[in-house]
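Please read the following report alongside the sequence and the model shown here.

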Amino acid sequence: MNRTDRLYALVEELRAVAPRPRSASWLARRFEVSVRTIERDLDALRQSGVPILSDTGRAGGYSLDRDRTLPPVTLSAGEALAISLALRAAESTPLAAAARRAGQKVLAVLPAEVRRREEALARRVHRVGDHTPTTSAAVGDVLAEAMASGRVLHLTYTDRAGAATTRDVEPLGLLWGPRGWYLAGWCRLRSAIRGFQLDRIVSVELLDERGAPREQHWAAELARLDAEPFTS
């Protein structure tokens, strides 16, 4: 069994007995590898975001939080390719790091044969040109969490003239504009919707507070964006 298949099988083994744990020695015997290899595999899975828990003691071992993982996904090779292509297209967006992690998780739960066929199809797909993201993975992750949760962002932002300001922003969406990607949000400093060019965000902090409902403001802003650019 190669390592990719073993990682997939490890997740499914832990899922099958969850929430009960399996010891590293038990897993090593099951997969006919050393305990050290199993521990490296489990560490790699945790680093990729798989919620594997470890308990010490005689009855301890490794267990999986089933509520935070995907069950085996029934996809054809073509469907798997469509998902992986869509996630790869996100490489040029502020959510590139999150897309890479999501792709790894989806592919990890596919049956081995479907995964091999997807990988073979993917080798036939090529993108011409360089589309380098201008947003760091850390900023992209914070923006994604803010939009998913509705929490307010505290920004340090540099405007066109080079002046730095700090402000709290209620995130509304991400937009592709003439100078790249923008965060659109309700700026509490200006009491209006503003667009913030992502490569001018010096720092960003996710606050505990949630923003007010602003669907009407956002719908009106979207309606006029094609004719009139937003300002920062």
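The report covers confidence, then the sheet with its covering helix, and lastly one glutamate.

This is a predicted model, in which local features need pLDDT of at least 70 and side-chain atom pairs count only at pLDDT 80 or more, while totals for chains, interfaces and linings use all residues. Residues are numbered from 1 along each chain as its sequence is written, and side-chain values use heavy atoms, with hydrogens and water left out.

The mean pLDDT (the predictor's confidence in each residue, from 0 to 100) of the protein chain is 81, and 81% of its residues reach 70 or more.

| Element | Confidence in the protein chain |
|---|---|
| helix α4 (residues 77–89) | lowest, mean pLDDT 71 |
| β3 | highest, mean pLDDT 95 |

Helices (H or I, at least four residues) and strands (E, at least two) are DSSP runs, numbered from the N terminus. An open sheet is formed by 5 strands in the order β6-β5-β4-β3-β7, with antiparallel pairing, where two strands pair if DSSP finds at least two bridges between them. At its edges are β6 (192–197) and β7 (201–210), each of which pairs on one side only. Strand β3 (residues 151–158) is joined to β7 by 6 bridges, and T156 stands opposite S203 in β7.

E13 belongs to helix α1 (residues 3–17). With 13% relative accessibility, E13 counts as buried, a term that means under 20% relative accessible area with a 1.4 Å probe, protein chains only. Leaving aside neighbours within four places in sequence, E13 is in contact (heavy atoms within 4.5 Å) with R22, W26, L27, R30 and F31.

Terms used:
Buried means under 20% relative accessible area, exposed over 50%, partly exposed in between (1.4 Å probe, protein chains only).
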